[in-house]
Structure formats: C-alpha cells, structure tokens
Amino acid sequence: MLVLRWILSLIFIIQMYLAMVVVAVVFAPWALFSRDGAFAACHAYCRWVIFTARVLCNLRTDVRGTPPTGNVVVAAKHQSFFDIIVIFNAVPRGKFIMKRELIWTPFLGQYAMRIGCVFVDRGKRGAAIIKMKADVAKSAADPGQLIIYPQGTRVAPGVSRPYKVGTGLIYQQLEQACVPVATNVGVFWPKRSLLRKPGVAVVDFLPAIPPGLPVPEFMRRLEEDIETRSDALLVEAGFKQP
C-alpha cells in the first residue's frame, strides 16, 4: 500500500508541474492583455491541483472561516506549497509577498508579476524592508488581498520559528485589517518529501485583527492566534511531535 502511495504521489507531482505549463500557455493571450486573465489562470491551476490531490492522493481540503474579499492583509502559517494553493484559491484577488529568486521561475514568476506580487530580497534586511514597503505602497493601488508569511519561510509542523516584524510594518503602513490563517497542511504535504499523505488538509481563516494596533501588540496577537489554532489543527490531524 505504501509503495502505491509513493507511485501515486510521484504521478501527482509530475502532472502538477506539467499542468502549470499547460495552464500558463493556454491563458497567456488573455493574461497579457488583462490582469483578470492572469488571476483566472492562477485560480484554474489551483483548482486543478486541489482536484488531482484528492483523486490521486486522497488528500482533501477543508477551508474554514470566512476568506476575505476586500482589501486586507492575510498573514498565514506556511508549511508547504499546498497552503499557497489553497489560500490563493479561496480569495478573489490574492497577491503574495515572495522571495525575489522566484521571479526567475518559468511561468510562475511571470504570472506572479502579472497579478501584482511583491518580491523581496531576503538577504538585505534593512534595505529589503525599505524596498518592500515601497513596493507594497505601489501594489496597494490595485485592490486585493496581500498575502504574507510572517515567519518568512516554510516551517514544518512542530517546529518553532520567530515571527518577523515586516508583517507588522506592512499592517501599520496599509492601515488595513489583517486576517490570520492557520493550517495543518504540512502533516499531509511534508516540506522535504515526495510522499503526499491521505487526509484532510485544513486552512482556517481566523477573525480579523482590526487596524490601528501598535506593531508590538499586533505581532503578539498575530502569533498567538496563528500558533494556537495551528497547533489545534495539528492535533486534529493526528500529528505527534517527534
């Protein structure tokens, strides 16, 4: 049975990347002339990945809470590529803050630019924050949901990583509400493994944090909300700390 799961996981991964190429090419003419076309392509791809994960790997998804539709900051727990897919599919005009190296990834980088993602050079710290805030200000001209990962990288279930103040600075700059998002996706789609495990991957949109809080208070509340709920979802998924 385990061998079959490995085989189906490999088939899923291969077709997932092939589908990215197909969707990108098919939607390219529309995406070139309209940002709506780029969003349509990205949502079509996300739906395909979610569908094939269920069919090939018996990995289902459960989106809880109320995904935002207005101009907000979405601050999410990041455990694998799958939470990117599920979160983006749940909101109408998502755009990510993402590492600059991804801009050179074929298809993904071009579409990320088209939908208004903000690229950050994580190695330059202070200079990166200044540049990020300037790019976020430009991006704010286009309505949507700005998705950021407060820990700055994928974090495996059960692993502790600090929350970076950049999320608080963006929250303060935009003067928008922030919707925290918890998840247990990493239990089923591990960070460094080809095996996709069966089960129900949950992404939970939590109650919004209103604008106007001091940054330190906002960061404390954000971390508490996300970590407390994510830990509960891990228990729900049957995760046991190694």
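**Entry 1: two loop residues**

I began with N58, which I found in the loop between helix 2 (35-57) and strand 1 (59-65). Helices and strands here are DSSP runs (H or I of at least four residues for helices, E of at least two for strands), numbered from the N terminus. A note on my source: this is a predicted model, where local features need pLDDT of at least 70 and side-chain atom pairs count only at pLDDT 80 or more, while totals for chains, interfaces and linings use all residues. Residues are numbered from 1 along each chain as its sequence is written, and side-chain values use heavy atoms, with hydrogens and water left out.

The phi of N58 is near 55°, a positive value in a residue other than glycine. Is N58 buried, partly exposed or exposed? It counts as partly exposed, because its relative accessibility is 44%. For this I used relative accessible area with a 1.4 Å probe and protein chains only: buried is under 20%, exposed is over 50%, and partly exposed is in between.

Next I looked up F107, in the loop between strand 3 (94-99) and helix 4 (108-114). F107 also has a positive phi, near 70°, and is not glycine. Its relative accessible area is 29%, so F107 is partly exposed.

**Entry 2: helix 7**

Helix 7 (residues 215-236) has 22 residues and reaches 31 Å from first C-alpha to last, close to the expected 32 Å. That expected span is 1.5 Å times one less than the number of residues.

Which residues of helix 7 are buried? I listed V215, F218, M219, L222, I226, E227, S230, L233 and L234. Down the axis of helix 7 they fall within an arc of 135°, so they line one face of the helix. The arc is taken from the directions from the helix axis to the C-beta atoms. On the other side, P216, R220, E224 and V235 are exposed.

The buried residues of helix 7 pack against several elements, among them strand 1 and helix 6 (166-174). After helix 7 comes G238, with a positive phi near 85°.

**Entry 3: the cores**

A nonpolar core is a set of buried Ala, Val, Leu, Ile, Met, Phe, Trp, Tyr and Cys residues joined through side-chain atoms within 4.5 Å. The largest has 48 residues, and F82 is one of those with the most contacts inside it. Helix 2 gives the most to this core, with 10 residues.

Leaving aside neighbours within four places in sequence, F82 is in contact (heavy atoms within 4.5 Å) with residues including V49, L59 and W189. A second, separate core of 21 residues includes I97, V136, I209 and F218.
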